[in-house]
Amino acid sequence: MEKILVVDDEKPIVEILQYNLEKEGYTVITAYDGDEALVMVERENPDLILLDIMLPCKDGFTVCREIRSEKDIPIIMLTAKEMEIDKILGLELGADDYVTKPFSAREVVARVKAILRRGRVNATASGKEKGILTVGTITVDRDEVQVYNQGKPVELTLREYNLLVHLMLRPGYVFSRDQLLNQVWGYDYIGDERTVDVTVRRLREKLESNPAKPDYIHTKRGVGYYFRRRKST
């Protein structure tokens, strides 16, 4: 039984989400401010977090950043703001998705199901895909589910790792953003194509010596992204 942490300072919203998630068979734990959320993450190790941005003590952005520094738990941001910068900032900090208030409980439950289902599929696929991928200074050990750059381990979220492996398995092939959403995030993912752009940007920042002029993850203008081919020897 998967465990969901709902973090929001508005009790009616917490109760509505808790009721609908428990009806779907999830165990739900709750927190009402940023500090309490971080305590619950350490104590309960939830499978997914629904995280409001506007929280007392510590806001959702700070909580997301602190969680991402140590754990790879899927995070869906809940926000009453419709400003583009808030959505992008949440994704930049490592959130997997966002929902803008007011939202329907059915929509939130659908997004929770989609992210958890895709996580299970990817975990199974990772177990079957054994071996080493190496291009230039980047090495992916799929037995360890670990990425190395110049021999040093690089900490990636599960989403970043899955995207990197997907691109490396077909070097030179240009994937559209829509293809990547379907194949990496899952055909039932409800987010938009900007999620791909943000994840690629984070990968470049972690792997490229100069993210502005990448050696590995390239953009095909107007189409999508591809990983460079292995250089012939």
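Me: How do the residues of the lining of the largest cavity divide into nonpolar, polar and charged?

Reply: Please keep in mind that this is a predicted model. As a general idea, rolling a probe the size of a water molecule over the atoms shows where empty space is left. Here the count comes to one cavity of 30 Å³ or more, and the largest cavity has a volume of about 60 Å³. Its lining divides into four nonpolar, four polar and three charged residues; among them are Leu-91, Asp-96, Trp-185, Thr-199 and Arg-202.

Me: Which element gives the most to the lining of the largest cavity?

Reply: That element is H8, which gives four residues to the lining.

Me: At what angle do helix H6 and helix H8 pack?

Reply: Two packed helices are described by the angle between their axes and the distance between the axes. In this model H6 (residues 158-168) and H8 (residues 194-207) pack at an angle of about 85 degrees, and their axes lie 10 Å apart. Because angles of 65 to 115 degrees count as roughly perpendicular, H6 is roughly perpendicular to H8. On the H6 side the contact is made by Arg-159, Glu-160, Leu-163 and Leu-164, while H8 contributes residues including Val-200, Leu-203 and Lys-206. By class, this contact has five nonpolar, one polar and four charged residues.

Me: In what order do the strands of the five-stranded open sheet follow one another?

Reply: A general point to carry into any sheet is that in a regular strand the side chains alternate between the two faces of the sheet. The order in this open sheet is E2-E1-E3-E4-E5, with parallel pairing, and the edge strands, E2 (27-31) and E5 (97-100), each pair on one side only. Neighbouring strands are turned by 20 degrees against each other on average, direction ignored. Between E4 (residues 75-79) and E5 there are four bridges, and the bridge partner of Met-77 in E5 is Tyr-98. Helix H1 (residues 11-23) packs on the sheet, where it touches E1, E2, E3 and E4, and its direction makes about 165 degrees with that of E2.

Me: Which strands does E12 pair with, and in which sense?

Reply: Strand E12 (residues 224-227) is joined to E10 (residues 175-176) by two bridges, running antiparallel, and E12 also pairs with E11 (residues 217-220) in the antiparallel sense over four bridges. Gly-224 in E12 is the bridge partner of Ser-176, and Lys-220 also stands opposite Gly-224. E11 and E12 form a hairpin with three residues between them, and in the turn Gly-222 has a positive phi of about 80 degrees.

Technical notes:
Residues numbered from 1 in each chain as written. Predicted model: local features only at pLDDT ≥ 70, side-chain atom pairs only at ≥ 80, totals over all residues. Heavy atoms only, no water. Pairing = 2+ DSSP bridges. Axes fitted to C-alpha atoms, helices over the stretch in contact; angles between N-to-C directions. Parallel < 35°, antiparallel > 145°, perpendicular 65-115°, else oblique. Contact = heavy atoms within 4.5 Å. Nonpolar A, V, L, I, M, F, W, Y, C, P; charged D, E, K, R; others polar. 1 Å grid on protein atoms, 1.4 Å probe; cavity = no way out; pocket = protein on both sides within 12 Å on 5 of 7 lines; lining within 4 Å. Points joined across faces, edges and corners; volume = space filled by probe spheres on them.
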